[in-house]
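We will go from stop to stop, and at each one you will hear what to select and what to look for.

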Amino acid sequence: TYDTKKDRYIPDNTSVDGWKGLRLDYGNYYASKSFYDPSKNRRIMLGWANESDTVDDDVRKGWAGVHPIPRKLWLDPSGKQLVQWPVKELETLRKEKVQLSNHKLYKGEKIEVKGITVAQADVEVTFSFASLDKAEPFDPSWADLYAQDVCFIKGSTVQGGLGPFGLITLASKNLEEYTPVFFRVFKAQDKYKVLMCSDASRSTLKNETTMYKPSFAGYVDVDLAYKKLSLRSLIDNSVVESFGAGGKT
């Protein structure tokens with residue numbers, strides 16, 4: 001709860017305090033700093049993304065790590081969490097627009113988005129589903145696991161009742177290499193749980209022990225009453241930044 005008069009934030013006693021709770025920066029995005037932009041009355045957050053190449057490759061290139069796209073940061077109307085979204089100025093870099101509408105996806109089906117530069121794209125997609133009845137049960141034993149552990153167990157190649165569905169980014173022609181960003185919907189005892197994953201384990205064919213190819217994930221606090229989930233992914237060469245449900249995850 002944020003007290004506007006005292007300018008003080010007090011965590012609710014129902015909030016998870018620790019690694020299993022909400023995180024401001026997470027995964028390859030870390031060491032974030034924020035500043036207030038008075039000209040547009042907004043808070044901007046800047047972070048750092050570590051490099052996934054081997055140390056030898058980093059030395060040959062002469063650099064390692066990049067600054068991701070700046071993000072606007074604000075309090076969700078529910079007051080339960082912070083929301084982050086790429087700054088509006090990013091849209092000035094957009095060029096040709098490619099649009100696909102009303103495509104029905106079948107289990108295991110992949111639809112190629114043609115007409116874009118694969119290495120650099122700003123992709124926004126909304127997934128809708130007629131019913132939640134096919135959502136697979138959430139295993140009670142997973143409650144003690146981190147979200148990324150569940151992502152590892154139920155990866156992008158494991159078919160479920162409602163998911164996985166999402167984007168396959170940085171894909172080679174025959175899908176020898178790719179980085180999927182996807183959702184899975186589970187039915188827990190009293191509610192639905194939405195898992196969002198980014199899985200780099202298949203991002204490269206290199207098998208060096210020093211190659212950094214982790215999976216990262218989080219649960220999305222979203223109302224599924226309208227049976228829709230949105231995803232935005234910014235793809236820039238080796239970097240993929242993804243935002244689920246309008247920036248909640």
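Start by selecting Arg42 and Asp37: their side chains meet in a salt bridge, 2.8 Å from N to O. A salt bridge here is a side-chain nitrogen of Lys or Arg within 4 Å of a carboxyl oxygen of Asp or Glu. Are these two residues buried or exposed? Both Arg42 and Asp37 are buried; the cut-offs are under 20% relative accessible area for buried, over 50% for exposed and partly exposed in between, with a 1.4 Å probe and protein chains only.

Before moving on, note that this is a predicted model: local features need pLDDT of at least 70, side-chain atom pairs count only at pLDDT 80 or more, and totals for chains, interfaces and linings use all residues. Residues are numbered from 1 along each chain as its sequence is written, and side-chain values use heavy atoms, leaving out hydrogens and water.

The structure holds 13 salt bridges. Select Arg94 and Glu124 for another one, where the closest N and O atoms are 2.8 Å apart. Arg94 sits in the loop between E6 and E7 while Glu124 belongs to strand E7, so this pair ties together parts that are 30 residues apart in sequence. Strand names such as these refer to DSSP runs numbered from the N terminus: strands (E) have at least two residues, helices (H or I) at least four. Arg94 itself is partly exposed, at 38% relative accessible area.

Now pick Arg202 and Asp199, a salt bridge with its closest N and O atoms 3.6 Å apart. Arg202 counts as partly exposed at 33% relative accessibility, whereas Asp199 is buried at 4%.

**A three-stranded sheet**

Next, select strands E7, E13 and E14. In that order they form an open sheet with antiparallel pairing; two strands pair if DSSP finds at least two bridges between them. The edge strands, each pairing on one side only, are E7 (120-128) and E14 (239-244). From one strand to the next, the twist averages 15 degrees, with angles running from 0 to 180 degrees between N-to-C directions of axes fitted as lines to C-alpha atoms.

Zoom in on E7 and E13 (residues 228-236): nine bridges join these antiparallel strands. Asp122 stands opposite Leu234 in E13.

Select residues 179-187, which make up strand E10. How many of its nine residues are buried? Eight are, and the strand is mostly covered.

- E8 (residues 136-137) pairs with E10 in the parallel sense over two bridges, and Glu136 has Phe186 as its bridge partner in E10.
- E9 (residues 165-169) pairs with E10 in the antiparallel sense over five bridges; look for Phe165 with its bridge partner Phe183.
- E11 (residues 192-199) is antiparallel to E10, joined to it by seven bridges. Val181 is partnered by Ser198 in E11, and four residues lie between E10 and E11 in their hairpin.

**The core**

Keep E10 in view and select Phe165, Phe183, Val185 and Leu229. These have the most contacts inside the largest nonpolar core, which has 17 residues. Such a core is a set of buried Ala, Val, Leu, Ile, Met, Phe, Trp, Tyr and Cys residues joined through side-chain atoms within 4.5 Å. E9, E10, E11 and E13 each give two or more residues to this core, and E10 gives the most, with three.

Most residues other than glycine have a negative phi, and most peptide bonds are trans. Select Gly163 and Pro164 to find a cis peptide bond, with omega about 5 degrees. Pro164 lies in the loop between helix H2 (147-153) and E9.

Then try Ala31, in strand E3 (residues 29-37): its phi is positive, near 55 degrees. Asn237, in the loop between E13 and E14, also has a positive phi, about 55 degrees. Asn237 is partly exposed, with a relative accessible area of 47%.
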